[in-house]
Amino acid sequence: MDSYPPEFIFHHVPLMAVIGLGTARDLVEQPTSTTGSIQNPPSSKSQSRRSSLSAASIPISTKQQLSRTLLSLLTAKSQVGIWGPGKNASAVFHVVAVDKNHQFPPRKPTMRPPAQTQHLNMPIAHSAISPLTSGSPVHPDGLIPPIWVRKHREILPSVVVGFYDLWHHTSPDSIQEKEEISSTQEGTSESMDKEKDYILAMEINERRKSLLERGIKFSAVILLKTQNIDKTMDERMFLKDQAMDERLANIRKVSGLDGRHAFFVLPSSQYGDFQDFVTNLQKSLYEYGLNYYREHGKRVKRKRSRLPSPSGNFMRPPLSEKSSMSPQPLGIQGWMIRYDYKLATFAEFRQDMEAAIRYYESAYNLIIDLFAPQSSVTPGATGLPIRSKRWVEARILADTISLKLCKLNLYVDSPSAALAQLNKHVSTFKDISNTRGIGEDTFEYWAWLSKQYRIFADILEIAIRTGFTIPDPAKISHNTTSSDFRFSMSSMSSISSMSSNPNTGSGINPTMVLQHPGFYYFMAAKYNSLRRKHFLNLEKYMKKEGVDNSILPPQDILDAEQSIDHSTLTIELYTKSYEQFKAQKTGRMTLYLASEIANTYLDAGKYETALKFFERIAKTYRKEHWHTILESILRWSLVCAKDLGTWEKVVEYLIELLSDQFSISNQQRIEIHNELTDILFKITLPEPRQVMIDMDEINSFLTCRVQFKDDTTFIGAETLFQIAFSTQAESPPIPLRFTFLRLSYNDSYFNHYLRDNKIEKDNTKLEWIDCKNCLKEDVEGEGLVWVKDVDLNFSKGITKVFEGSIEPKESGDLQLQAVSLGFLTEQWKVELHFNLKNAREEHSKRKWLIGNIDSKDEVTKPTYTVLNGTGERTSIKVTQKLARLDIQAKHSAPALLDEYYPIELTVVNLEHEEVKTFLNAEIVTDAPSNPVDSEDFITLDPTITANVTNNLKDIDIGIIPAGESVVKIVYVLGKKSNLPRTLHLTVYYSSTSSVPSTPYPARGWIEKKEDFRIHFIAPFSFSFNTSQQSESIFERKSEISMERVEKYFLVAKITTTSPCEILVSDIDLNLLGQANAQTRMEITASSIEIENDFQGQVWKQGNVYNVNYLLELTLMDIKKLDIDIGLLVIQWKRNQQSSVVKDTKIPCTESTVVVPQLIRKKAEISAYIRIPPNPIVGQLFTLVYKIINWTSSEKKIHVNIEVNDSFVFSGYKQTHFIVPGMGEHCFKVNCFPLIGGKMKLPKVNMERRGEFEGDEENIKIIAPGYKEVDEDDYFVIFVKPKIEI
Amino acid sequence: MSNIKIQSIAIIGKQNNPLYIKNFSKSHPDLKFHYIAHTSCDVIDERAGAAGPEPDDTYLGLLYALEDLAVYGYVTNTKVKFVVVLSIPDAVIKNMDMRNLFKKIHNVYINQVCNPFYNLDGKKSIVSKKFVASIDAIGSMSSDEAVNP
């Protein structure tokens, strides 16, 4: 658009000239900090408003600042542009500031004598730019120069506003003077005011008159200064105002200005409100501005109407030989164009869009006639000579008129008409160009066409930005009732046919549908690329010999074209279009544009950029299966990649192109194939290349399906899988031999590397290939893999199924993650990679190919069977094989503590083969805590008690034949706690044929676990009783010794709690060593020693057995109270051996119980009684009580004897005596037994009495050989009856 | 029908995959119509989407015009798209004519879908001979008419 004169393009608005505010240059050149925002005149409305606000809000003190502020406000909205404010916008002038002394150009002299323009050839009185004036740019036959438009746009205003300061006497003087003058010399100042006002009024009047002559409206604005109103002097305010009004009225009267629309006063009080003032000023003068252009229009119209008809009044013969050489004056048609153009321009100035369109159209129709070889408007006239100056000018004019028409039609919201104008313009000039030999074969035509579309798109874009909306094509209907009146003319035929059709269904004319600018940018780009093509053709042609230079365009045009970077321009246009479409969210269109951009880059030789574009867009087309498009993209990409030398990409593209999704001929496919094999096997590259092609991401000629035969498998079991490769029906056209097939598992141990066996053999349609029994080999670059040589030759339309097997070694998921077919040459390592990790779309039934092996060991006629499920199985669940083994336990519960408790384990082999079996066993207390302390153990042999623990490991049970069983006895010994125990048993085994080399737990062993719960009970319960015996009741130890000897009687009561009989072999009291060496304890007698026949006693449940011991305690320290006694140990075993053990003799075990500590009494006084043995009824006997006082002080003892029926006794019933310190006292009671049998002796209560009441103590009486007595109890003796009978 | 010159007929699956694209033009390459059909998907989606979940009309009218080609669209209730590309006649193309044209194409497609062996969700091009012949007939009929009105 920039190549056209801006005057022809810009939107016209009335021009206002401003006098007295300085010029626009001042505004720019003298910026102050306060008006900084005005420096760069903002373009958008919102910005301008902001800047004006900021300007207005700043306190204005100087005249200069005031002027600047006003000017910036005035010019803020008058930014010239292509798109005007629109017809509904508020009245806006284009404001120019001129100097105070500026003289507007004088009126054309012709206008002064108005009746002189009859003859066009009048040599006088023409405007300087008229074709009639020699020296004018259009002399003698030009149409209209841009300068004419500029004259009206920028030089000749429709309205002039003068800004004047009201004179004030203080204004030039200092403040002090002001005081003086205002107070004392009022009269003088008044007369001075009057004088100055008069001068001002005259000046205004002069200006007004001179402008009136030209029909230009003049307005004056009087600026009142702040000094004119002194706010401190309130009382004078009113007077002052009155005086001011008077003065102003006077000035107006003298200057002859109309008060309402020509004379304005801007008082200082309104300084903050400039914006409103400026708006109001423009609004009130707007009508005058329009009138001005209306008058101009009328004048031009008159002149046009005086023109003779071109058909009748063609003055000169059309083809006079001389005149064709020398320029002819402008013909009538030319004048008509001039006038129409002027009319249109003035109409546009006054914002009369409809009229403007009408005149522009008229001018346009006339001007296009000029280009025809023979004018149809002016018969006999020839068109403009091609490529002449006038031709170029006229074309520019025609283009810009067309542009104006498009724009104005958008202005009046008539989009179809705008588009129709574009179409008309394009088709008209297409015809003209073709007939004049500069048509579709020349780059010039395409350059021009591209430009037209681009400009149209630009305008449309501007319009949309300004609020224009593209009509929704779905809602458009073109018919006779269309409001778009111009349409009916351009498609008259169809409408007439439609109106005859009773079914006047609405229709649409696709050419009339205005679309968003993206489409037009696209066209512009398209045409620009054609321009490039034609130019390149021309260049090629010019290089040939014997070129006819006459048909070439002029050299300067060629040079200019040469310097243009067509591709960049095309890409720019495509990019503009791309952005438009992107904004419309039409993603696929942008892809198309991207492909066009890429192609342009390709044409321009920018392969790398092109390739990037291609790669980006290829994805969508691939995904949505647009193979034809993808093929073209791939082919272009191929060109790029080859040129760039990125052979990896070349290979990738070629492999994708092999796919028969692309409908290309077999011959083409063979070419692709050959190209691929050439690259892989023939060409030499500087360095080896490696490429991995993800076949799931491209259209592949190979499909790969993977099946594991089963869903689950066991460790060590043979696990079968099949990988089926199918080639497409048409591809590869020639058999393709891969070098290797790699299978990658998530466990690299299983990775396979199958090599081609290089055996030439015809492919059958369905082939089953055995890949089992691979060998583990170290392949270079692959590591340790399973290797086998198989046939990897693929021709079209075949399926090869590779069946292999693996033996999983641990449980978990085993996944075949990827399959790659590859080529390996000296130059290349190409992998066609099938990624199996992601789930792939597959709904068909699972199939398994069975390869039948015939007698010659050849695979023939493989057949499919159907497996369960659908889709693929790329992974398999590996689990431990279920143990087919049974463990039974037999034992006679409950177990007793401390015994060897035998458990008979029976391991039954349920496998079909003999197995080698091992056992692990462990006994664990179900204790909530402290399992560590457990002294339990488990053993195989109860006779060995060394190094026993609570577990048994790796006990070889031996080989169990299929279906048979083995019995193993383990002994469990539980100690202390009678909590239940759990026996954990693990039996692991393997087939004898394949015993793993590594010990358990390892691959190959199958294990079976079983737990048993065992309840324990204690076999015995114990209770102990210790009683003190009197030591030497009649004699004390004779030798002098510090030792004290005490005797104790220990009774251990053992109750059998075991439900089964127990054979007790021995009971023993093991005395503990005393902490103190001077303390000794000895067993003086025991009941067991007495009865020597203890061996082999059998105790039943509930049996009680008492063991008695007489203990002698020797001690030095009588204060030591707690004395350890020892452990009671019982040697025993079950009497009745359990059903489990028959042969083995289980040794006795010991149960040990700790005898409670002996608690010595801390007594001051001891009392002993000696009971005589064998009393007989009727025989007197004496009970001797011996009381020993251990203290050094004497003690008083009270004795009270209770009578009873069995005995008669003699002596005091109640008595007391004193025991001296460290002395003893004997107290005797004579008893006469009355009755025989077990009798209680008369109870003697002994009490020590202290000095005062309350200090009393009962003294316990101890009888040797008797238990200690309780409160109410007393010693019981057996009294023999009299034998006298 | 006189001004309708069919340049191409395209049937596009519901996942915007091409089912059948036929070029009746002598001046444009197939690729061009593939691009046009592909770019139409967006416009069809937008139009059909704008009409709400249950569009009252399956005929979508002019989708766009590009160079000398006008692209018309139609979408079935199963979201299968038909695109017809016409050369621009500079005359009103009656919607009724276009509707009839699309109806014909729809009928042909319905016949194709009635084939129990046809995979509705497949992404493969339609290769049925009958279908191809019927579409060809629609295309050549109108272009013949255009040549000899």
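## Ground rules

This is a predicted model, in which local features need pLDDT of at least 70 and side-chain atom pairs count only at pLDDT 80 or more, while totals for chains, interfaces and linings use all residues. Residues are numbered from 1 along each chain as its sequence is written, chains are lettered from A and ligands numbered from 1 in the order in which they are written, and side-chain values use heavy atoms, with hydrogens and water left out.

## Where the chains meet

Let's start with the interface. Counting contact as heavy atoms within 4.5 Å, 36 residues of chain B touch 38 residues of chain A. The two chains bury about 3,300 Å² between them, with 64% of it on carbon and sulfur atoms; buried area here is the accessible area (1.4 Å probe) that two parts lose on being put together, summed over both. On the chain B side, Tyr35(B), His38(B) and Val92(B) lose the most area to chain A, and together they make up 21% of what that side buries.

Arg588(A) and Asp42(B) form a salt bridge, and their closest N and O atoms sit 2.7 Å apart.

As for which parts of chain B do the touching, α1(B) gives the largest share, 13 residues. Helices (H or I, at least four residues) and strands (E, at least two) are DSSP runs, numbered from the N terminus.

## Pairs elsewhere

Over all chains, the structure holds 38 salt bridges. In one of them, the side chains of Glu615(A) and Lys649(A) meet at 2.8 Å, N to O. Glu615(A) is in helix α22 (residues 607-623) of chain A and Lys649(A) in helix α24 (residues 647-657) of chain A, so this pair ties together parts 34 residues apart in sequence.

How values were computed: Salt bridge = Lys/Arg side-chain N within 4 Å of Asp/Glu carboxyl O.
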